[in-house]
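Colleague: I have the model open and would like to go through a few parts of it. Can you take some questions?

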Amino acid sequence: MIEVQDVGFTYPSGVEALRGVAFTVNNGEFIAIMGQNGAGKTTLVKHFNGLLKPSIGRVLVDGIETKKTSVASLAKKVGFVFQNPDHQLFSETVEEEIAFALKNFGFEEETIKKRVTWALSFLELKKYRKTSPFMLSGGERKRVALASVLAWNPEILILDEPTIGQDYKQKEKLRQFILQMQTQEKTIVIVTHDVEFVAECNPRVLLMTEGRIVADGQGKNILANPEVLAKSSVVPPQVVQIFSRLNELELPKNVIDLYEAKDLLLKKLEKRLR
Amino acid sequence: MVIIETKNLSYTYPGGTKPSLNDVSIKIKAGEFALITGSSGSRKTTICRCFNGLIPHFYKGELEGEIRVADKDTTKHPTFEMAKEVGLVFQNPENQLFALSIEKDVAFGLENLGVPREKMRQRVDWALKLAGIYDLRERSPHEISGGQQQRVAIAAVLAMQPKIIVLDEPTSFLDPLSAKKIFEVIHDLNRKLGITVVLVEHRLDLTAKYADHIIIMDKGRVCQDGNPRTILGAESTRLIGVGIPKATLLFQMLAKDGLKLGSVVPLSSDEIAQSLLEAIKPHD
């Protein structure tokens with residue numbers, strides 16, 4: 001569980017990045033944080049593993065106050081994948097990159113081997129086992145960063161822009177993985193601009209603007225509300241855009257799923273066309 | 001007129017055991033808005049590096065086949081010469097920003113070309129305003145967010161007003177509204193100034209509607225090349241794992257269930273909404 005209690009954060013430069021942020025993430029929850037550039041999304045999630053400590057208020061991770069513990073001790077519990085993979089990759093080979101944290105956490109040789117192989121095959125990186133991460137494409141490097149964190153199986157997973165550079169197939173895999181994590185009561189927080197990905201997953205959505213949370217609710221309620229989205233520079237998903245142009249059909253307002261949209265349209269149009 | 005042409009182009013990075021590009025033959029016409037997409041690791045970035053000569057001049061390696069860009073054989077002209085013709089916006093903006101202020105970064109290319117001071121001032125301000133970062137011009141490019149850095153990289157290329165702009169996932173760090181605005185700016189430059197645009201993107205929901213031409217890559221090869229409506233409307237394209245726009249998918253799904261919305265495959269919400277409204281109009 002992550003408890004964010006009236007958190008404010010000001011960078012040394014004087015920029016006030018978070019103002020009065022308060023919410024709770026329960027175990028097994030899947031949350032997407034969305035909002036305009038500079039709204040404080042990355043600053044907020046950096047508080048979840050203690051990389052940043054609040055200037056005002058408290059952040060508790062499983063009851064432990066982040067100010068009173070180290071990033072190292074939180075790391076095993078909270079895995080963090082950065083927006084830009086180049087900020088976290090440094091090893092000579094993909095395999096070493098993925099094994100690095102496992103070694104640091106003191107896992108046994110046998111376990112490390114198994115975990116690394118699992119992560120490589122899950123993220124379709126097996127053929128790059130002995131390749132330098134810096135020889136890979138942008139999307140592939142992003143998956144190496146993801147693999148290096150998934151390998152140690154943290155309780156809480158923070159993914160900053162996980163879908164950047166990923167094709168549709170990879171995104172679908174990520175979605176399936178997140179669903180699987182949820183059945184194991186793991187907590188997933190993503191920061192993303194990928195409206196269509198969020199529409200496909202329908203998680204709890206937190207919208208941020210200027211260091212504050214301006215909306216908090218189920219994806220289908222938030223993403224289908226153009227006025228709220230506009231405040232955070234988020235464009236509605238395509239299904240919502242289409243429905244909003246079809247007022248005369250009197251379709252329900254909170255549809256973000258493509259299949260649901262198709263069924264509703266067929267029902268409406270069958271009557272009209274007959 | 002063809003402005004970018006490759007014939008049987010193959011390329012292997014130094015130390016690579018397999019070619020990254022394999023027998024690529026494409027033609028992009030002057031004034032086109034071409035969209036390159038394909039699976040992750042399909043070597044979209046690699047082909048972009050060929051367009052301005054970074055391959056082979058900077059990356060070295062083995063290049064076979066032919067490539068001509070703006071009437072020049074890129075293997076025979078150094079990158080600084082190609083830079084006048086082709087502006088490249090990198091996937092990771094940090095890789096191309098280096099000056100102490102945003103303004104200087106945007107002016108750098110023009111300084112190198114020896115553009116007169118007054119003209120440079122105008123072009124830099126024009127580009128900063130188009131990219132929506134005029135107010136940030138005196139800040140350091142290293143203390144702004146990833147999304148803002150992407151705008152700087154775009155402004156730096158716009159200021160050069162090249163014949164061709166190649167953009168490699170240029171808005172991946174930008175919020176959806178900013179991304180939409182940037183794509184509108186690029187589309188505008190394409191339509192009004194006739195600049196040829198080559199855009200690498202996975203998110204076709206946002207971009208397919210602008211494209212005149214789509215090229216789909218897979219494992220270093222071109223697997224589809226042609227009209228966006230024909231290609232994105234084909235069942236086989238969906239099966240390659242390309243992120244077909246939701247509007248196009250909805251059109252296909254409705255057709256499968258017996259509701260045909262005309263013969264033009266929609267690429268945007270507006271287009272499919274229009275077709276749906278037509279369908280419910282009372283017939284005479």
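Colleague: Which exposed residues sit on the face of helix 4 of chain A turned away from its buried side?
Modeller: Glu110(A), Lys113(A) and Lys114(A). Keep in mind that this is a predicted model.

Colleague: And which residues of helix 4 of chain A are buried?
Modeller: Ile112(A), Val116(A), Ala119(A), Leu120(A) and Phe122(A). They cover an arc of only 165° around the axis, so they lie on the same side of helix 4 of chain A.

Colleague: What do those buried residues pack against?
Modeller: Three helices of chain A: helix 3 (94-104), helix 5 (138-150) and helix 6 (168-183).

Colleague: How far apart are the end C-alpha atoms of helix 4 of chain A?
Modeller: They are 20 Å apart.

Colleague: What follows helix 4 of chain A?
Modeller: Glu124(A), with a positive phi near 55°.

Colleague: Switching to the sheet. What is the strand order in chain A?
Modeller: The order is 2-1-4-5, in an open sheet of 4 strands with antiparallel pairing. Strand 2 (16-25) and strand 5 (64-65) of chain A are the edge strands, each pairing on one side only.

Colleague: How many bridges join strand 1 to strand 2 of chain A?
Modeller: There are 6, and the two strands run antiparallel. Strand 1 covers residues 2-10.

Colleague: Which residue of strand 2 of chain A does Thr10(A) stand opposite?
Modeller: Thr10(A) faces Glu16(A) there.

Conventions: Residues are numbered from 1 along each chain as its sequence is written. Chains are lettered from A and ligands numbered from 1 in the order in which they are written. This is a predicted model: local features need pLDDT of at least 70, side-chain atom pairs count only at pLDDT 80 or more; totals for chains, interfaces and linings use all residues. Side-chain values use heavy atoms; hydrogens and water are left out. The expected span of a helix is 1.5 Å times one less than its number of residues. Buried means under 20% relative accessible area, exposed over 50%, partly exposed in between (1.4 Å probe, protein chains only). The arc is that of the directions from the helix axis to the C-beta atoms. Contact means heavy atoms within 4.5 Å. Two strands pair if DSSP finds at least two bridges between them.
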